[in-house]
Structures are given as structure tokens and as C-alpha cells.
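Biologist: I am new to reading models like this one. Please take me through the features one at a time.

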Amino acid sequence: MHIQNLKPWEVVFEQGDEGDSFYIIYSGKVAVYVDSTDPVTEEKTWKLIVELNQGKYFGELALLKGEKWSATIIAVEPTDLIVLDKVTYDKIIKGA
């Protein structure tokens, strides 16, 4: 477990990368984006899904299921995240 300090617009992880950690927002705010394709121009863009702030968490589904990240997470402002890797997450959450 460690703290990750992010600057505004810094990427936490990108959609399609392997999910290997669980994140809790200690302070700050992140935005959740998914890849989207414009049906007319076929241009690839990001679609904002939600913004998450202090006390919220993300990454648990990819971590639990061993799947790739289903979204891209970007810091909106200076943000501190508590990061739990798979081994630590299992010890704390599952009591393994």
C-alpha cells in the first residue's frame, strides 16, 4: 500500500491496461472517461462518465476479476490516492 500524488491532468491508468490495483481518493478529484467513437466522423474521443472526489474508490472490479481497465482515470486537480496492490488488497479485504 502506498500514496500516489497526482498533478492535474495526470493519468492514473488507461482503458485497456491490465487492472492490478485498487484506489481510494484521499484528497482531490479524478475524472472517469471511456473511449468513444463519433458515428459520423469515426473520430475517437473520450466521453466523461463521472467525477469522483474524496472518499470514493475505483479499480475494484478489474482487480477482483483480473480484467483490463474499462475506463481511463485522470486527475482533475492535485490528488492523493491510496493505492492497494493485489496482494495487499487480498490481505485486507478478503482476509487472505
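Modeller: Start with surface patches. Patches are made of residues with over 30% relative accessible area and no salt bridge; like charges are joined within 9 Å, and nonpolar side chains (Val, Leu, Ile, Met, Phe, Trp, Tyr) within 5 Å. Accessible areas come from the Shrake-Rupley method with a 1.4 Å probe, and for residues only the protein chains shown count as cover. A salt bridge is a side-chain nitrogen of Lys or Arg within 4 Å of a carboxyl oxygen of Asp or Glu. Two ground rules also apply. This is a predicted model, in which local features need pLDDT of at least 70, side-chain atom pairs count only at pLDDT 80 or more, and totals for chains, interfaces and linings use all residues. Residues are numbered from 1 along each chain as its sequence is written, and side-chain values use heavy atoms, with hydrogens and water left out.

Biologist: Which residues make the nonpolar surface patch?

Modeller: Met1, Ile92 and Ile93 make it, and the patch covers about 340 Å². Ile93 sits in helix α2 (residues 86-94). Helices (H or I, at least four residues) and strands (E, at least two) are DSSP runs, numbered from the N terminus.

Biologist: Which residues form the negative surface patch?

Modeller: The place of a charge is taken as NZ of Lys, CZ of Arg, CG of Asp or CD of Glu. Here Glu14, Asp17, Glu18, Asp20 and Asp85 form the patch. Asp85 belongs to strand β8 (residues 79-85).

Biologist: How do I read buried and exposed?

Modeller: Buried means under 20% relative accessible area, exposed over 50%, and partly exposed in between (1.4 Å probe, protein chains only). Asp85 has 34%, so it is partly exposed. Leu63, in helix α1 (residues 60-65), has 3%, so it is buried. Leu63 and Lys7 are 56 residues apart in sequence, and their C-alpha atoms are 24 Å apart in space.

Biologist: How many salt bridges does the count give?

Modeller: Two. One joins the side chains of Glu51 and Lys29, at 3.7 Å from N to O. That pair links distant parts of the chain: Glu51 is in strand β5 and Lys29 in strand β4, 22 residues apart. Glu51 is partly exposed at 39%. Lys29 is partly exposed at 24%. Lys44 also bridges to Asp35, with the closest N and O atoms 3.5 Å apart. Lys44 is exposed at 58%, and Asp35 is partly exposed at 31%.

Biologist: How many aromatic pairs are there?

Modeller: The rule comes before the number. Rings of Phe, Tyr and Trp (its six-membered ring) pair if their centres lie within 6.5 Å; planes under 30 degrees apart count as stacked, over 60 as edge-to-face and the rest as tilted. The count is seven. Phe22 and Tyr57 make a tilted pair, 5.6 Å centre to centre with 45° between the planes. Phe22 lies in strand β3 (residues 21-27) and Tyr57 in strand β6 (residues 57-58), so the pair ties together parts 35 residues apart in sequence. Phe22 is buried at 8%. Tyr33 and Trp46 have ring centres 5.4 Å apart and planes at 35°, so that pair is tilted.

Biologist: Where do Tyr33 and Trp46 lie?

Modeller: Tyr33 is in strand β4 (residues 29-37) and Trp46 in strand β5 (residues 44-53), so the pair ties together parts 13 residues apart in sequence. Tyr33 is buried at 13%; Trp46 is partly exposed at 45%.

Conventions. Lys, Arg positive; Asp, Glu negative; His and termini not counted.
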